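Please keep the sequence and the model in view while reading.

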Amino acid sequence: MTADLFGDDVPNWREELGPGAVVLRGFAVPVATALLAAVNGVTSAAPFRHMITPGGFRMSVAMTNCGALGWASDPTGYRYDRLDPESGQPWPAMPDVFLRLARDAAASAGFADFTPDACLINRYEPGARLSLHQDKNERDYTAPIVSVSLGLPAVFLFGGSRRDDKAARVPLAHGDVVVWGGPARLRYHGVLALKAGIHPAIGEYRVNLTFRKAG
Ligand code: SIN
Ligand code: FE2
């Protein structure tokens with residue numbers, strides 16, 4: 001662990017969650033303002049929307065995407081698509097600041113040459129949650145997942161390779177980045193219901209960027 005004990009109060013240390021999984025505390029803090037500006041650029045072309053699960057439920061987390069491929073859910077299933085189903089247009093391009101951060105975080109976690117082609121942007125309002133799931137709609141599992149937390153804090157659940165394995169509760173704050181890949185790539189994960197609050201950067205929301213190599 002390397003902590004900056006005497007600097008300002010930007011956290012900067014790593015916490016291993018197991019083989020192939022690490023939390024990079026505060027890794028995205030230096031670019032958080034630029035990331036949020038880029039999120040606004042993406043959502044002006046591809047607004048947040050509440051997708052419907054294959055089971056017919058409206059997801060509490062609002063979502064959009066950028067990059068060559070976007071994750072989508074509807075009553076027919078989950079998939080990656082080049083086009084935004086709402087507009088019929090390609091998803092907005094992945095902003096450079098996103099790509100650079102995702103590559104740097106992956107490299108720092110030991111995954112060199114990560115080139116994501118998909119960024120799912122999740123927006124949580126108070127009460128919104130994401131139940132335990134595996135990320136397995138991607139074509140190959142050799143690339144890691146890079147997940148960037150912005151805004152209100154949340155509790156991330158990080159489970160095992162089986163749904164009923166006990167999940168660790170990992171508090172995540174603005175600027176924290178979680179990377180999981182290799183032996184951890186298919187670990188179950190989720191997010192507990194967001195607690196209400198006001199974050200100085202984005203108000204009453206949590207926004208999470210999930211970078212993946214999907215195609
Ligand atoms: C995800 O699993 O797709 C995102 C998790 C998060 O929002 O932290
Ligand atoms: Fe996920």
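## Basis of the description

In what follows, two strands pair if DSSP finds at least two bridges between them. Helices (H or I, at least four residues) and strands (E, at least two) are DSSP runs, numbered from the N terminus.

This is a predicted model, in which local features need pLDDT of at least 70 and side-chain atom pairs count only at pLDDT 80 or more, while totals for chains, interfaces and linings use all residues. Residues are numbered from 1 along each chain as its sequence is written, chains are lettered from A and ligands numbered from 1 in the order in which they are written, and side-chain values use heavy atoms, with hydrogens and water left out.

Strands of a sheet pair through backbone hydrogen bonds, either parallel or antiparallel. One open sheet here contains four strands in the order S7-S12-S9-S10, and its pairing is antiparallel. Its edge strands, each pairing on one side only, are S7 (130-133) and S10 (168-172). On average, neighbouring strands of this sheet are turned by 20 degrees against each other, direction ignored; for such angles, axes are lines fitted to C-alpha atoms, for helices over the stretch in contact, and angles run from 0 to 180 degrees between N-to-C directions.

Strand S7 is joined by two bridges to the antiparallel strand S12 (residues 189-191), and His-133 stands opposite His-189 in S12. Strand S9 (residues 154-158) has three bridges to S12 and five to S10. Phe-156 stands opposite Val-191 in S12, whereas the bridge partner of Phe-158 in S10 is Ala-168. Four of the five residues of S9 are buried, so this strand is largely enclosed by the rest of the structure. Here buried means under 20% relative accessible area, exposed over 50%, and partly exposed in between (1.4 Å probe, protein chains only).

Another open sheet has seven strands in the order S1-S2-S11-S8-S13-S6-S3, with antiparallel pairing. Strand S1 (13-18) and S3 stand at its edges with a single partner strand each, so one side of each has no neighbour in the sheet. Five bridges connect S3 to S6, and these strands run antiparallel. Thr-64 has Ile-121 in S6 as its bridge partner.

Strands S4 (residues 70-74) and S5 form a hairpin with two residues between them. Five bridges join these antiparallel strands, and Trp-71 stands opposite Tyr-80 in S5.

## Aromatic pairs

The structure holds five aromatic pairs. Rings of Phe, Tyr and Trp (its six-membered ring) pair if their centres lie within 6.5 Å; planes under 30 degrees apart count as stacked, over 60 as edge-to-face and the rest as tilted. One of the pairs is formed by Phe-98 and Phe-211, which are edge-to-face at 5.8 Å centre to centre, with 85 degrees between the planes. Phe-98 lies in helix H2 (residues 96-108) and Phe-211 in strand S13, so the pair ties together parts that are 113 residues apart in sequence. Phe-98 is buried, with a relative accessible area of 0%, and Phe-211 counts as buried at 0% relative accessibility.

The rings of Phe-156 and Phe-158 have centres 5.9 Å apart and planes at 25 degrees, so this pair is stacked. Phe-156 and Phe-158 are both buried. Ring pairs link Phe-156, Phe-158 and Trp-180 into a cluster.

## The largest pocket

The largest pocket has a volume of about 700 Å³. On a 1 Å grid over the protein atoms alone, a pocket is an open set of points where a 1.4 Å probe fits, with protein on both sides within 12 Å along at least five of seven lines; lining residues have an atom within 4 Å of a point. Grid points are joined across faces, edges and corners, and a volume is the space filled by probe spheres set on the points.

Of the 34 lining residues, Met-59, Tyr-78, Leu-130, Ser-131 and His-133 are the closest to the pocket centre. The lining comprises 14 nonpolar, twelve polar and eight charged residues, where Ala, Val, Leu, Ile, Met, Phe, Trp, Tyr, Cys and Pro count as nonpolar, Asp, Glu, Lys and Arg as charged, and the others, Gly among them, as polar.
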